[in-house]
Each structure stands twice: as C-alpha cells, then as structure tokens.
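Hello,

Here is the structure I promised to pass on to you.

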Amino acid sequence: MKDFFKEAKGHLMTGIGYMLPLIIGASLVVAIPKIIGLCMGITSLDPYAEGTGFLHILKLIENVGWTGIGLINTVLAGFIAYSIADKPAIGAGFIGGAIASNTQAGFLGAVIAAFIAGYTVRWAKKHIHLPESMNSMMPLVICPFIATGLVAIIMGAILADPLAWINNSLVAWLKEMSTSGTSQLIMAIILGAMIASDMGGPINKSAWLAGNALLAENIYQPNVFINCAICIPPLAYAIATVIRKNRFSESFREAGKGNWVMGFIGITEGAIPFTLVKPQVLVPINMLGGAVGAAVCSILGAKGDIPPVGGIYGFVSITNGWAYLAGIAAGAVLIAVLATLAVDFNQQSEESSEEIDMDEIEISFEDIK
Amino acid sequence: MKIVGISACPAGLAHTPMAAKALEKAGKKLGYDVKMEQQGSMGQVNAITPEEAKEADLVIIASDQKIMDMERFANKKVIRVDINICIKAPEAVLQKCVAAVNK
C-alpha cells in the first residue's frame, strides 16, 4: 500500500509538471492585457467583451488566457493517466479531466478520473490477450474504449454528484480561509515557513503541491504566499554576499551571483549550499524569513485574482503586486541580516557525502519490457 | 564501468540539473564513466543515445516520475533512486548501485 501511494505521488507530480507550463503561459496572457488596462485606468476589461476598439482587443486576448486556465483539470488528468499507462490512457484522462470541470468535481475529480483511466489501461494491457493478428487493436481500440467507458460510467454517472458536493464544500471552506484576515495570515505564515524549511524537499514540495492543486480550483491566494516564499531564501543569500562580503568565502561569493537569478525566477534550491554550512541555525532562520515575508505579503494585501506566476517578475500577475515585492524584500533582508550575524560562511560545509549512511539510500530495480 | 542515467523532477528547473551534475562529478571522482540525461522543463537535455544505452552496464533513474523513452533500456539493469539523495550523496549512490549490480 505504501508503495502504491509513493507511485501515485509520482504520477501526480508528473501531471503537475505538465500542467505548470500551461498555467504559466495562460496566466501571463491574462495578466498582461489586465496590466495594460490598469495603466489606462481601467480596473476590469469585462465591460469591453462586446464592441470594438483597443480595449475590446485586450479583452479578446485575455479571454484566450482564460481558455487556457480552463484546461487545467483536463491537462492534469490527461498527463497523470499518461504517466500511469502511456499513450492509450491519455485520451480517457483528458476526457475525465474535462468531465471533472463540467460536473464541478474539480481537482479531486480530475485526479480520480485520471487514476481510473490510467489503471484501467494498465490492467487491460496485462490481462486482455488477443490473438496475434489482432494485437494492434489493443492500444488503439480496446484500451482507450475500456478506459473511456469506465470513466464515463464512474465519473459521468455514479460519482458526479457526490464528488461535486465534496469539491464544492472544500472549495468554499478554503476560499473562506484565504479571504478572511486572520486565517489568511495564519495560512501565509505556515506556507511561508514550509516553503523555506527544506527547500525542494518533502515539506517544501507538499506546500507547493497543495498550492498548485488549488490552482485547478480557482483558488489562487495560497500560491501568492508560496511564490513569495520561494523567492526569499535564494535572494536572501544573494543579498547577504553583497552586504557582508567578508563573511563569505570566494566560492560562496561566486554562488551568490547565481542566487540573484535563482531568486528572480523563483528556485529555492539556490539557498541549499549556503544553508548546509550550518543547517541547525540556518533552517530556522530561513523558515522565519519565509513566514515573515509571506505574512507581510498578506498584511499589505497582495491578492491572487488570477493564477499567480512564480518568481519576482510574478508580481505582474498579482493584484497589489507591490505588496508581493515588499514581502519578498522583507523576508530576504531579514534572512540576510540574521544569517550573516549567526554564521560565518568562510568555514567549510559541515555536511559532506561521507556522513550519509549507505543503508539510508533506497534503491529499487525496475523491469523494462 | 559505463553508467548512464536520467534525472527528472516535477518543475524540472533545479533538482534535475543538480542531480545530473552531482552524479557525473561523483562518477569522475570514482573512476566511472557516467552520463546523465536531464528530463526537465526543457525536455531532454544531454540525451542518452540508443548506442550509449546499449553499451551501459547500469542505468540510474534519479526520479520518482514518468521517464520518457524507457524502451532504450530494455533488458538493462535499471535502478530507481530518490533524486534528493543523489544531490546530497552522489558518491554513495553510485557505490551502492554498482555494488547492487555486481552482486
């Protein structure tokens, strides 16, 4: 069972990996017309849906972006299914994801549909044996038909209503939580600390996964905090290497330059080499910085009205983008100051590969047909 | 010993190249011929050719995700390992995999 969940998580991650470029492309295409509109003093392009002129064109472009955002469940489910059982499962996965959107079964529905599609195809490949001459029927006809049929029965008929109910309740609860002041602040602090804790490790990835899953539900606020916290640690060490040069060895100062880029595009991992110098002190400092940054973001009113784009430049996709930037700056400066006070980065890294016990490394053989 | 491998992570930005570089560097140090393909956000980078796949003694997959074109490694010894551990302890990972294959 544990193995199944581990495998399922891999499929989910693969699906999200394929979903991300879609979200980012689509969000930017929504955001840029909105910003141009804002520069012209117009807060919403909705009144220009009909008619002619420049603003109407902006609205048409924005609509294309929204079409992309509407595909999130579809693409997610399609590629989860693909991850499980390759090409024959993709179609059923796409259909399942689209049905999940239509029946309001949402992200949860999309994931369930994808697993039905994927595992059905995998089962069929293993257990249905046709005569040699008809073998080409399997991937092209039999597998897609069985998988799509099962998705239709389960997702379309049986689970549509219950899943829609669960999903809608969940979404209502999370929306409530991400709009009201105090609970939003608590959410920001928790997510910020999680993201900055192990930088790309399991804790960071669970927060990140939750944020991305919620994008499929049109809940964008948590991702504002997540994206903010992601930029903070690498940017913090980039700033630190500049403001306290003498605390860093030559190679760290060099790494600091790379961290400007990592901070800008939002890759927490950039902070790993710095943090490893003294993790027992620096991890708490990083978490504090992430939490404070996200909290500042929340208090100053950075809002996710469209899917937020990661990285510092992601502020264009955020309502009150300046608050987002202020949050990043606050968190990063805090870490830069505290970290250089507490730790001298001239010394060698404490953790080296020798310290890891061979038995801790799990490996597993895999059969390729 | 010829080792080929593929690294992949969800966003495909940071862990993927970090793990690939770490394993290649560790290979150089330990005297193994290591080539890592990266399946990240840019698609396949530094791809393993079918010839290289055929010559390899061992295939390391540093990922828990879907890997493209696994057919290349049919009938090969393929080992899956967590990508994070490859960054943290690349030499230990290589040694453990080699030991497991030689057993």
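Predicted model: local features only at pLDDT ≥ 70, side-chain atom pairs only at ≥ 80, totals over all residues.

**Chain B as a whole**

Chain B has 4 helices and 5 strands. If you walk from the N terminus, the elements follow the pattern β-α-β-β-α-β-β-α-α. What would we expect for the radius of gyration of chain B? A compact globule with 103 residues would come out near 13 Å, and chain B has 12 Å, so the two agree. Along the principal axes, the C-alpha atoms of chain B fill a box of roughly 35 × 30 × 20 Å. Of its 103 residues, 52% count as buried. Take the contacts in chain B between residues at least 6 apart in sequence: 61% of these join residues at least 24 apart.

Now look for the open sheet of 6 strands, whose order is β1(A)-β5(B)-β4(B)-β1(B)-β2(B)-β3(B), with mixed pairing. Its edge strands are β1 (363-366) of chain A and β3 (43-45) of chain B, and each of them pairs on one side only. From one strand to the next, the twist averages 25°.

Strands β1 (residues 2-7) and β2 (residues 33-40) of chain B run parallel and are joined by 6 bridges. Within that pairing, B:K2 has B:D33 in β2(B) as its bridge partner.

Two helices of chain B pack on the sheet. Helix α1 (residues 15-30) of chain B touches β1, β2 and β4 (58-62) of chain B, and its direction makes about 180° with that of β2(B). Helix α4 (residues 90-102) of chain B touches β1 of chain A as well as β4 and β5 (78-81) of chain B, and its direction makes about 135° with that of β4(B).

The other pairing to trace crosses between the chains: β1(A) and β5(B) pair in the antiparallel sense over 4 bridges. There, A:S364 stands opposite B:R80 in β5(B).

**Where the chains touch**

The contact takes 24 residues from chain A and 31 residues from chain B. On the chain A side, α1 and β1 each supply at least two residues. Which element of chain A gives the most to this side? That is α1(A), with 8 residues. By type, the chain A side divides into 10 nonpolar, 8 polar and 6 charged residues.

**One helix of chain A**

Helix α9 (residues 202-215) of chain A has 14 residues, and at 1.5 Å a residue it should span 20 Å; its end C-alpha atoms are 20 Å apart, which agrees. Several residues of α9(A) are buried, among them A:W208, A:L214 and A:L215. What covers the buried residues of α9(A) includes α1 (2-39), α5 (106-127) and α10 (221-243) of chain A.

**Two asparagines to look at**

A:N218 is not a glycine, yet it has a positive phi of about 60°. You will find A:N218 in the loop between α9 and α10 of chain A. Is A:N218 buried or partly exposed? It is partly exposed, with 16 other C-beta atoms within 10 Å.

B:N75 also has a positive phi, of about 65°, although it is not a glycine. B:N75 sits in the loop between β4 and β5 of chain B. It counts as exposed because it has 9 C-beta neighbours inside 10 Å.

Enjoy exploring!

Definitions and conventions
Residues numbered from 1 in each chain as written. Chains lettered and ligands numbered in written order. Expected span 1.5 Å × (residues − 1). Buried ≥ 20, exposed ≤ 12 C-beta atoms within 10 Å, placed from the backbone. Contact = placed C-beta atoms within 7 Å. Pairing = 2+ DSSP bridges. Axes fitted to C-alpha atoms, helices over the stretch in contact; angles between N-to-C directions. Nonpolar A, V, L, I, M, F, W, Y, C, P; charged D, E, K, R; others polar. Rg over C-alpha atoms; globule rule 2.2 N^0.38 Å.
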